[in-house]
Amino acid sequence: MSTIITSVDRHSPAERAGIAAGEQLLTINGHEIIDVLDYRFYGYDTDCRLELREPSGAVRTVSLRKPEGRDLGLNFDTVLMDEMRSCANHCIFCFVDQMPPGMRKTLYFKDDDARLSFLQGNYITLTNLTDREAQRIIDLRISPINVSVHTTDPQLHCTMLGNKNALRSLDYIRAFCKAGIVMNGQIVVCPGWNDGDQLRRTLRDLTEMQFSSCSLVPVGITKYRQGLAKLRPVDAATAAEIIDIADEYGRENLRRFGTRRFFCADELYLRAGRPLPQAEYYEGYRQLENGVGLMRSLEDDFLAGLATVDVPARFSPFTIATGTAAAPFLRGLVQRAMGDYPGLRGQVIAVENDFFGHTIDVAGLLTGQDISAQLRGRDLGDRVLIPIHMMRHGETVFLDDYTVERLSRELGVPVQVVDEDGFALVDAMFAAE
């Protein structure tokens, strides 16, 4: 991998300047280009002076002018312009270590690359960063960065990450906070490890650092944990305690800093049997992709969509397939809709996760084979609705490589993938016959 240009976009600033594939990008405005972060940041300006090495070895300089923020139009071997960095940790809760054998290779790769945090929102531990890269983040003020925190106790941090050098990540967190770098954090709560007083310590430390925001999520435990650290799932009582601790420090942060800072994942409220907070709690849903506020946002949009839906002349009966955690919540929405529109006919079926084990109860980790086995032969109406987060990103394939088309054939009815907002769910439920 390198900064050698593999192609140039048509009609781009680079093409107009005469830059060609095969040349190597050396600098932009005097700054050495190592990877995609350098390329994106230094290529943002209106006036760019590029130093290039031709295939012959000769070095030339090209100056160009473009709209601020427009990409130069250069393409390289990889998006990162470098090898993707794999994780150097052995976290006690790592989901990849709990995968069964025989799945596609990409599911076994553990990435921990800061550049993917900026580009794709991946959560990273910061243990892979060098001092130069950390300083570059500060100097370029690159934000936000998504950080796996888990605990601020130094010894426990190293133990939970399975890395004796993990202390450097805590140092980087403090340095980034001091420099004003926006960080969205995540704490995977493992009962008996980083809950209780350890969780209080972590939230206290992050409060004093003025860490940007942090979600609390329950550990996921599959049936494939042979030879791994002993973990137990978050039960109702533990979930309630986690919520109470987060609320305690959330109220303090709201009073002192005007932000709640700490947010509990929807799973914790479901396991504790507590109602979801109102929309104001989530402060614009900053942690939505981490499962924080997804159901509140879905319900609010669903009710708004229900009030304005175009009602078809004839209803098409449906089945919603989802995980056991969200099934009662979705049943409530379907019952609300059927109460408002008596002609509507639908049901919600909770699918047990036989593939990973019944302790995994979220829809996003269901496989096509489990859905097929548990829905086949049942009266499903005219179609089956499934949430989009069951799918591989940008595709219609489940974790076990089942396709939507295959599932439709096995169930004997069309399977429709539904976006995760409430308006899309209303539209799917009220589809014309």
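The structure discussed here is a predicted model, in which local features need pLDDT of at least 70 and side-chain atom pairs count only at pLDDT 80 or more, while totals for chains, interfaces and linings use all residues. Residues are numbered from 1 along each chain as its sequence is written, and side-chain values use heavy atoms, with hydrogens and water left out.

Side chains of opposite charge can pair when their charged atoms come close. A salt bridge is taken here as a side-chain nitrogen of Lys or Arg within 4 Å of a carboxyl oxygen of Asp or Glu, and by this rule the count comes to 25 salt bridges. One of them joins Arg 271 to Asp 361, with 3.6 Å between the closest N and O atoms. This pair links distant parts of the chain, 90 residues apart: Arg 271 belongs to helix 9 (residues 266-272), and Asp 361 to the loop between strand 12 (346-351) and helix 12 (368-375). Helices (H or I, at least four residues) and strands (E, at least two) are DSSP runs, numbered from the N terminus. Arg 271 is buried, at a relative accessible area of 18%, and Asp 361 is buried as well, at 16%.

Partly exposed residues also take part in such pairs. Arg 392 and Glu 395 form a salt bridge with an N to O distance of 3.3 Å. Arg 392 has a relative accessibility of 26% and counts as partly exposed, as does Glu 395 at 38%. In another pair, Arg 406 meets Glu 410 at 3.0 Å, N to O. Both of these residues sit in helix 13 (residues 404-411), four residues apart, which is about one turn of the helix. Arg 406 is partly exposed at 34% relative accessible area, and Glu 410 is likewise partly exposed at 25%. Elsewhere, a network of salt bridges links Arg 204, Glu 208, Glu 252 and Arg 256.

Helix packing comes next. The axes of helix 4 (residues 131-140) and helix 6 (residues 167-179) are 10 Å apart, and the two helices pack at an angle of about 20°. Axes are lines fitted to C-alpha atoms, for helices over the stretch in contact, and angles run from 0 to 180 degrees between N-to-C directions. Helix 4 and helix 6 are therefore roughly parallel to each other, given that angles under 35 degrees count as roughly parallel, over 145 as roughly antiparallel, 65 to 115 as roughly perpendicular and the rest as oblique. The crossing of helix 4 with helix 6 is right-handed; a crossing has this hand if the near helix is turned clockwise from the far one by less than a right angle, and is left-handed if anticlockwise.

Contact means heavy atoms within 4.5 Å. On the helix 4 side, Asp 131, Ala 134, Ile 137 and Ile 138 meet Tyr 172, Ala 175, Phe 176 and Ala 179 of helix 6. By class, the residues of this contact are seven nonpolar, no polar and one charged. The classes are nonpolar (Ala, Val, Leu, Ile, Met, Phe, Trp, Tyr, Cys and Pro), charged (Asp, Glu, Lys and Arg) and polar (the others, Gly among them). Buried residues in helix 4 include Ala 134, Ile 137 and Ile 138, together with Glu 133, Arg 136 and Leu 140. Just after helix 4, Arg 141 adopts a positive phi of about 55°.

Gly 368, Ile 371, Ser 372 and Leu 375 of helix 12 meet Leu 407, Glu 410 and Leu 411 of helix 13. This contact has four nonpolar, two polar and one charged residues.

Two loop residues complete the picture. Ile 388 is placed in the loop between strand 13 (383-387) and helix 13, and is partly exposed at 33% relative accessible area. Leaving aside residues up to four places away in sequence, Ile 388 touches Val 417, Val 418, Asp 419 and Glu 420. Ala 88 lies in the loop between strand 6 (74-75) and helix 3 (114-120), and is partly exposed at 38%.

Conventions: Buried < 20%, exposed > 50% of the residue type's maximum accessible area, 1.4 Å probe, protein only.
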